[in-house]
Amino acid sequence: MLFNSWQFLLFMIIIFGGYWAIRPRYRYLFLLAGSLIFYASWGPEYLIYLALTVALTYCSGLLLEIFEGGGKH
C-alpha cells in the first residue's frame, strides 16, 4: 500500500473515522491493529519488525518508570 494510492486513502479514512468512533480507552489498541494491517500489506515479514519495536518500546518504558521512581504509587 503506497502513500499516494487510493487504497491508502481509503485505509486512512477508515482508521481516522474508527479512531474517533470508539471509546478513548480502546483507541491505542485500534491504532495498533491499524499499524499491524498497514505493515502486513507490505509483507508479513515486516510484522516481526513491528512486534520487536513495540516490545522494546514497552520494556523501555517500564524500565524508565522503575528507575525514575515513577513506579511508586
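A residue is called buried when its relative accessible area is under 20%, exposed when that area is over 50%, and partly exposed in between. Keep those words in mind as we walk through this structure, which is a predicted model.

Let's start with the whole chain. There are three helices and zero strands, and reading along the sequence gives the pattern α-α-α. The C-alpha atoms fill a box of roughly 50 × 30 × 15 Å along the principal axes. Buried residues make up 14% of the 73 residues. If we take contacts between residues at least 6 apart in sequence, 24% of them join residues at least 24 apart.

Now look at two of the helices. Helix α2 covers residues 27-42 and helix α3 covers residues 46-67; they pack at an angle of about 145°, with their axes 8 Å apart. Which residues make this contact? From α2 come L32, S35, L36, Y39, A40 and W42, while α3 brings Y46, L47, L50 and V54. Sorted by class, the contact has nine nonpolar residues, one polar residue and no charged ones.

Some of those names turn up again when we follow the aromatic rings. Two rings count as a pair if their centres lie within 6.5 Å, and by this rule there are twelve aromatic pairs. Take F38 and Y39: their ring centres are 6.0 Å apart and their planes meet at 85°, so this pair is edge-to-face. F38 is buried, because its relative accessible area is 10%. Y39, at 30% relative accessibility, counts as partly exposed.

A second pair to find is Y46 with Y49. Here the ring centres are 6.1 Å apart and the planes stand at 50°, so the pair is tilted. Both residues lie in helix α3, three residues apart, which is about one turn of the helix. Is Y49 buried or exposed? With a relative accessible area of 54%, Y49 is exposed, whereas Y46 counts as partly exposed at 33%.

These two pairs belong to a wider group. F3, F8, F11, F38, Y39, W42, Y46 and Y49 form one aromatic cluster.

R27 lies over the face of Y19, at 4.7 Å from the ring centre.

Key: Residues numbered from 1 in each chain as written. Predicted model: local features only at pLDDT ≥ 70, side-chain atom pairs only at ≥ 80, totals over all residues. Heavy atoms only, no water. Axes fitted to C-alpha atoms, helices over the stretch in contact; angles between N-to-C directions. Helix = DSSP H or I, 4+ residues; strand = E, 2+ residues; numbered from the N terminus. Contact = heavy atoms within 4.5 Å. Nonpolar A, V, L, I, M, F, W, Y, C, P; charged D, E, K, R; others polar. Phe/Tyr/Trp six-rings, centres within 6.5 Å; stacked < 30°, edge-to-face > 60°. Buried < 20%, exposed > 50% of the residue type's maximum accessible area, 1.4 Å probe, protein only. Lys NZ or Arg CZ within 6 Å of the ring centre and 35° of its normal.
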